[in-house]
Amino acid sequence: MKLTLLAFLAIVCLSCNQKKDTSNYYQEQHRPQFHFSPEKGWMNDPNGLVYYEGEYHLFYQYYPDSTVWGPMHWGHAVSKDLTIWEHLPIALYPDSLGYIFSGSIVIDENNTAGFQTGKEKPLVAIFTIHDMVKEKAGRKDKESQGIAYSLDKGRSWTKYNKNPVLPNKGDTDFRDPKVFWHEPTKHWVMPLAVGQHLEIFTSSNLKDWTKTGEFGQKDGSHGGVWECPDIISLKTNEGIEKWILIQNIGRGAVNGGSGTQYFVGNFDGKTFINDNSPETKLWLDYGADNYAGVTWFNAPNNEKLFIGWMSNWDDYANKVPTSTWRSAMTVPRKLSLIQTKEGYRLAQMPVAQLEKLRLSKTEIPKQTIKNTTLIDDKSVLKELDLSFDLSTSSATELGFVLSNSKNEKVIFGYDKASKQIFIDRTNAGKADFSKLFAKKHFAPFANAKELTIKALIDNSSLEVFVNGGSVALTDLFFPNEDYTRLEVYSIGGNAELTSGSIYPLKSIWKK
Ligand code: FRU
């Protein structure tokens, strides 16, 4: 007995001594500190976003063995507050049927698929199976939809033995099912990206699917393949309900490469009906680095919470200069529906829970901005949350400059003359990995006298939200040396800064 105890203590001590040194954890150059990124390897789209029993699940397209895209798995993390993430083991591995491409997860509350055995509600994942054997043989029908289920809160998964549940009849691109429950018609709905349009399938049991609608052959932007759709409903503050189709597009987005367009309209349980003319193009984010984003199933209070992959598939995703890992997600954002002169539009703001990460506040006093005013040049400006209320007064342009001693800089602001919000990363640091990177990105923004700018900066990313998130831009940057200087400027006249605050943010990865 004594011996066993001694042996046990010896093992415990041995493992104490071997305890991993975590001081370098998530400390690589350019590593985001409050955004989700995988410990190592390649990540792309968010998948299987579901809120269940107090946990937000974030699954993601993952290739653990390299920092470039490869055989797709579903990586997995959970969070209680959308802020601090815990890594969990890989949830789905590629198998003899193929790679596991993007998809969604639903809670099968009424056991419609029949997977429930005990008390725990089944989580059912619906994903695209991408068959590489068929791809190599040049066959069009390489993508089909499969399902898997978990009876232990997403910790382990069993693939359905009769996959695929939705075979392919010959469509080259046939993927990214984002399933939801439509209460009025009491069935499951699966929006699916097919080539450059959307197809809608419905089911009573998640296993047998019938096509009920098509949308978008002639609507919106068609610069590339449509991917990762999502259909959600939102209400304005006045209680007007609209259905929104979020539709990612692989190429030809507003500021180059991949991006996220959306449509405002109606959904009758079978198909999506656009409120606007087919020519209307609406963009969820005007930066270059917000792609494949979708929303959480079952978020509390029926909120529509969105997260995107912070990169650009078409332009440089496989090439950005990070070391042991590649790519991060955007911060989670709460979507809302607003009424504008042009019609109903999406707005978005970072989820409020992120405010928990705020450290000491610096208040910027009310002042008139003439030319350039220094806000900070003492600290290393790596993880920041900025909020400013400004009025353009006589200025024709106003904005902020983040820079370092090498004169590398990111500029963001409002150009009143051209009526555009912008991020300028033409001189932001490393750019030799892609000719398409060093650019300025614009978002239309008419007639603003009063401006509220919120910006989140995290080592290699900038997310800008203007006037309550009616405009958002997300851009990456890779400075050779940390930015240490923050200035606010005006051109062509004065601007009034009515209030401002800056908070450094705590790292979510510090152990
Ligand atoms: C979007 C996408 C999806 C696909 C997945 C593959 O980035 O191309 O259409 O399912 O990535 O990793």
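Arg175 counts as buried because its relative accessibility is 8%, where buried means under 20% relative accessible area, exposed over 50% and partly exposed in between (1.4 Å probe, protein chains only). The model is predicted: local features need pLDDT of at least 70, side-chain atom pairs count only at pLDDT 80 or more, and totals for chains, interfaces and linings use all residues. Residues are numbered from 1 along each chain as its sequence is written, and side-chain values use heavy atoms, with hydrogens and water left out.

Arg175 belongs to strand 9 (residues 174-175); strands are DSSP runs (E, at least two residues) numbered from the N terminus. Leaving aside residues up to four places away in sequence, Arg175 touches Phe101, Thr128, Glu143, Gln145, Leu192, Ala193, Val225 and Glu227. Contact here means heavy atoms within 4.5 Å. The Arg175 side chain makes polar contacts with the side chains of Asp173 at 2.8 Å and Glu143 at 3.1 Å. A polar contact is a pair of N or O atoms within 3.5 Å; within protein, one must be able to donate a hydrogen and the other to accept it, and residues adjacent in sequence count only if both atoms are side-chain atoms.

The ligand is surrounded by 13 residues, of which Asp45, Gln61, Arg175, Asp176 and Glu227 are the closest. An N or O atom in the Arg175 side chain is 2.7 Å from a ligand oxygen atom. For Asp176, a polar side-chain atom lies 2.6 Å from an oxygen atom of the ligand.

Methods
Helix = DSSP H or I, 4+ residues; strand = E, 2+ residues; numbered from the N terminus. Near = heavy atom within 4 Å.
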